[in-house]
Amino acid sequence: MSRREHLLEVRNLEVVYPARGGTVQAVRDVSFTVDEGESTGIVGESGSGKSTIARAALGLVELPGRIVGGEVLWRGRSLRNKKYARQVRGPEISVVSQDPMASMSPILTIGTQMTEVMVRHLDLGKKEAVVRAGDLLEKVGIPDPGRRLGQYPFEFSGGMQQRVVIAIALSCDPKMLIADEPTTALDVTTQAQILDLISSLRRDLGLSLLLITHDLGVVAGACDLLNVLYAGEIVESGTADELFYRPHHPYTAALLGSTPRLDVKAERLTAIEGQPPDLRQVVAGCSFAPRCPYATGRCESSPTLGTSSAGRACACWHPLDSHQGNLTGSEGRLGHA
Amino acid sequence: MGRYLLKRLSQAVLVVISVMVVVFVVTRLIGDPVAVMLPLEATEENRAILEAQLGLDRPILVQLGHYIVDAVQLDLGDSLWQRRPAIDIVLERLPPTIVLVVAGFVLGVLLGVVIGVVSSLRPGGWVDRAAVTLGLLGVSLPQFWIGLMFIVFFSVGLGWFPTSGSGGIEFLVLPAVVLALPIVGRIALVTRSSMIDEMNAQHVKDAVARGVSRTRIVLVHALKGAGIATLTIAGWELIGALAGGAVVVETVYAWPGIGFTAMQAIERHDIILVQAVVFVVAIMVVTINIIVDITYAMLDPRVKLDRAR
């Protein structure tokens, strides 16, 4: 354990939601950290709990959701303290979310939406705030910022809107940006532009990034570290390169295998067989076992996310080595599950 | 803006004329004014003379034509009851109605918005449930009954306010409150539900995440959005208070406005005066509608009044 203080530390986080027929265990024993200047990705399919983690990292798990265990620390202090979380949101942590149009108030000018937080958190006068807002718009690549500040979100195109959202998020010069599916609502060319923008802003401003997505293509270029989330648990973590080229967990490998590739001609898209487990029931053993071609009797007890070499961790009894990277075509082994 | 106003005003003229035609027809269906005006022992001859004097012996279409041509010149005829220009009577009685309607409307909207916002902050909490119950009571209790109960309780029982009539501000309190109650109810219910929607909207959640203060979230981000729905209802409420509520409340409290006048005119079969009241109210209603639409455009930048065609 390093004595260095992490920027964001999520430690054994457990979040539940009440639901018909029980409680949904949305986040189960999740731990990870984000350090200064680092960019961490959380990858998982819908319902894997990734957005809940994003909300928790803002100190914003609201009813009916409840944090029932663990901690979310910002610079060593708990974000479960509401007052502290309020101080942190804006000047320390900010967000970019999925749909830029839905993310901004439709009836306030973007100038208002940028300056309102500056006036509150940066002690700026109205005029200085407007100047700063103009600079930020320029920085995210919006021409003619003076005129644009007086416009409303609907007067921008989708890609431009997401740039504005990023500028709003940067209003108070935060240390970390949480980007929850920042490109999902955009078309592919715009996606690339927005990801480039986020990466260059990270370099220029020394921002940390917590990038949450279902899309491996998005994290590939943007993240140093990766956490793969499955059914509310981190099943594998490590550097992005390691995970991409030598996945250890069968789920990571299956996710990679289901990404459509341009260089391989395929009649059908590869999908992972089966469904994620119902999180209203207690999941005994490895949660991926029912869909895993490598599952054996041993998988009925829970594997732990032990740290192995080079900061890698994998919660699996049967981790793959580098020779077995691809799962496709191995369905025959499902019979052993 | 100019073109828009011109278009709306010409539509408004059409609406007012249509209303006039409908009222003209209806007032001629509800009874014979001549029969009411003449003493019981009047002869057929007296009758014919009076009819000729009033011009009621002419064919109905001719009457209607004259009536509209005169109305456009603001000549609405002489009141059968008071034997002087009907428009003068209406304009004399208009200020008390405006005072009453404005007082009741402003009170109703302010209270309604405050109650709606406060109850939306904790949906399902006891404040919210109390507010919803009160709102439903305000909407569903009939005004004439509340008016009478208030007189029994506050005027006769406690002696706080005069029972009826007009004069100082103390005469205004009860009728204004009674006029305001259903407005409070509906505005509160609508504001509450659209506030709850707004507070759960993605842009409000994201604004919280970006560090916008709670006060600004509620009063600017959520309330400005919710205000659009509230404005729609407020427009209807103002029209309802003017065209409906005022008649009931003024009659209960003998408030000398156009609503009370309309009731008196109907009782006396004074069709000329009824038409004059409706004429003035119709003009006010279409004006309110235009103002509401312009206010929309001010609240919501996505609404463009002058859409180039």
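Select strands β3 (residues 39–43) and β8 (residues 208–213) of chain A in this predicted model. The two strands pair in the parallel sense, and five bridges join them.

Now colour β3(A) by burial. How many of the residues of β3(A) are buried? Five of its five residues are, and the strand is mostly covered. Side chains in a regular strand alternate between the two faces of the sheet. In β3(A), one side carries A:Ser39, A:Gly41 and A:Val43, the other A:Thr40 and A:Ile42, and both faces are covered.

Next, move to the open sheet of four strands in chain A. Its order is β2-β1-β4-β5, and the pairing is antiparallel. Which strands stand at the edges? They are β2 (22–34) and β5 (77–78) of chain A; each has a single partner strand, so one side of each lacks a neighbour in the sheet. Inside this order, select β1 (residues 8–19) and β4 (residues 66–74) of chain A, an antiparallel pair with seven bridges. A:Glu9 has A:Leu73 in β4(A) as its bridge partner.

Switch to chain B and show α10 (214–253) with helix α12 (residues 271–299). Their axes come within 10 Å and cross at roughly 175 degrees. Because of that angle, α10(B) is roughly antiparallel to α12(B). On α10(B), select the contact residues, among them B:Lys224, B:Ile228, B:Leu231, B:Leu238 and B:Leu242. On α12(B), the contact includes B:Val281, B:Met284, B:Ile288, B:Asn289, B:Val292 and B:Tyr296. What is the make-up of this contact by class? The contact of α10(B) with α12(B) has 13 nonpolar, four polar and one charged residues.

Finally, display both chains and select the contact between them. Chain A contributes 24 residues and chain B 18 residues. On the side of chain B that touches chain A, α9 (202–209) and α10 (214–253) are the elements that give two or more residues. The largest share of that side comes from α9(B), with six residues. Colour the side of chain B that touches chain A by class to see six nonpolar, six polar and six charged residues.

Technical notes
Residues are numbered from 1 along each chain as its sequence is written. Chains are lettered from A and ligands numbered from 1 in the order in which they are written. This is a predicted model: local features need pLDDT of at least 70, side-chain atom pairs count only at pLDDT 80 or more; totals for chains, interfaces and linings use all residues. Two residues are in contact if their C-beta atoms, placed from the backbone, lie within 7 Å. Ala, Val, Leu, Ile, Met, Phe, Trp, Tyr, Cys and Pro count as nonpolar, Asp, Glu, Lys and Arg as charged, and the others, Gly among them, as polar. Axes are lines fitted to C-alpha atoms, for helices over the stretch in contact, and angles run from 0 to 180 degrees between N-to-C directions. Angles under 35 degrees count as roughly parallel, over 145 as roughly antiparallel, 65 to 115 as roughly perpendicular and the rest as oblique. A residue is buried if 20 or more other C-beta atoms lie within 10 Å of its own, exposed if 12 or fewer, and partly exposed in between; C-beta atoms are placed from the backbone. Two strands pair if DSSP finds at least two bridges between them.
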